Amino acid sequence: MVMVFYGSNGKSNPVSMENKVEHQTEKQITYDIHLPSDLGMLYKVRLGLQSLENNISQLSLHHFKIQNTSTLDTFSLTINKTLPLPPNGDRWIEFPIQWPLKEALSVVTYHLTVFSRNIFNERNLVHMTACIYGTHGDTGDRSLLQSLQNVQQGEQNESFLVMVDAVDLGELEKIVLLISSKTDCKLDIKKLHVQEAVKEHPIYVFEVNEEFSVNANKPKIQREIPRSFVLRGEKQKNDIDNNLNKEGNKAKHLTEYTIKVYTGDKRGAGTDANVHIILFGNEDKSEVFQLSQSLEHQNPFERGKVDTFKIKTKKLGSLCSIEIGHDGKGFASGWFLEKVEITDAARNSVHFFNCNRSVDESIIPLYMLFSF
């Protein structure tokens with residue numbers, strides 16, 4: 001069993017109860033816990049199982065009591081719950097701490113809706129958790145695939161609902177996704193919606209639009225998703241539901257490009273900066289794409305390496321040039337780019353753009369060397 005304590009100045013590290021038993025009877029265990037003084041006034045506790053792989057398959061909790069040994073202020077709560085919680089299998093529970101003369105927060109049920117393209121085909125192979133952050137703290141990592149609810153599947157899109165009980169988070173700010181698997185798989189996640197179960201709005205929208213590739217070289221992927229925008233009216237809620245089908249139709253008109261980036265094999269050729277690219281065709285140009293998720297390497301753009309990226313954008317016509325550059329951030333941001341190779345899946349053509357020079361923070365235009 002593990003506890004996490006939240007105070008006005010931050011939160012504690014997970015506190016394992018394994019070696020902290022001070023007194024134990026048949027129905028009661030007393031723990032002696034020393035928390036950092038800089039946590040401030042405690043306002044909530046998250047309590048649960050470290051994992052579901054231990055010998056203990058269930059944990060029944062009946063009552064919780066905490067006392068400040070300095071002030072003797074005491075808080076007690078009747079729980080009467082068993083972990084993991086049915087029906088969603090959540091292994092955590094949260095509750096606010098009510099101190100004398102202090103107003104406590106309330107427990108809120110959040111509806112987290114995941115919109116994706118292929119997650120149902122991969123759900124038995126992958127483990128995915130989400131940690132929701134707000135102005136009043138976070139939920140900790142909560143499993144998203146243990147018990148799917150309100151499942152909807154269409155030709156191009158699918159969605160499912162996850163219910164998360166947590167002490168009121170205030171204004172939601174970001175979600176951290178953690179995806180892991182023991183086998184190769186890909187998850188194409190479009191967006192996440194979070195709202196309180198008892199309220200029509202606001203709906204917090206977190207745009208993802210990314211395909212996550214998990215394999216032996218990259219068995220875990222963590223991604224921080226900042227809040228994109230907030231829907232606060234009924235009309236906006238209907239609009240976002242209708243857009244789900246519209247985006248599916250729009251996806252049919254997108255073209256997929258495979259981009260191979262060759263970093264030179266010389267001293268100091270690699271970079272830790274954030275690399276971006278723009279594609280130009282004879283009909284249109286693409287938006288700016290950040291090249292961050294290499295299909296081969298966890299750390300892209302290392303000396304003498306080739307990194308492959310896949311992007312989807314509107315139809316550009318026949319490719320004729322690209323612009324590529326980086327933001328100069330990170331340690332050793334200098335980068336020697338050898339060449340870029342781009343495959344147009346729709347036209348079944350390959351285009352080569354030669355560089356053989358150092359790339360600074362400005363964007364470098366490259367014109368097609370040859371194609372076939």
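Visitor: Is Trp 92 buried or exposed?

Guide: This is a predicted model, in which local features need pLDDT of at least 70 and side-chain atom pairs count only at pLDDT 80 or more, while totals for chains, interfaces and linings use all residues. Residues are numbered from 1 along each chain as its sequence is written, and side-chain values use heavy atoms, with hydrogens and water left out. Buried means under 20% relative accessible area, exposed over 50% and partly exposed in between, with a 1.4 Å probe and protein chains only. Trp 92 has 9% relative accessibility, and therefore counts as buried.

Visitor: Which residue lies over the face of Trp 92?

Guide: A charge sits over a ring if NZ of Lys or CZ of Arg is within 6 Å of the ring centre and within 35 degrees of the ring normal. At 5.2 Å from the ring centre of Trp 92, the residue over its face is Arg 46.

Visitor: How are the rings of Phe 301 and Phe 309 arranged, and what is the pair called?

Guide: The structure holds 4 aromatic pairs, where rings of Phe, Tyr and Trp (its six-membered ring) pair if their centres lie within 6.5 Å, and planes under 30 degrees apart count as stacked, over 60 as edge-to-face and the rest as tilted. Because the centres of Phe 301 and Phe 309 are 5.6 Å apart and their planes are at 25 degrees, the pair is stacked.

Visitor: Which residues form one aromatic cluster?

Guide: Phe 301 and Phe 309 are both buried. The one aromatic cluster is formed by Phe 301, Phe 309 and Trp 335.
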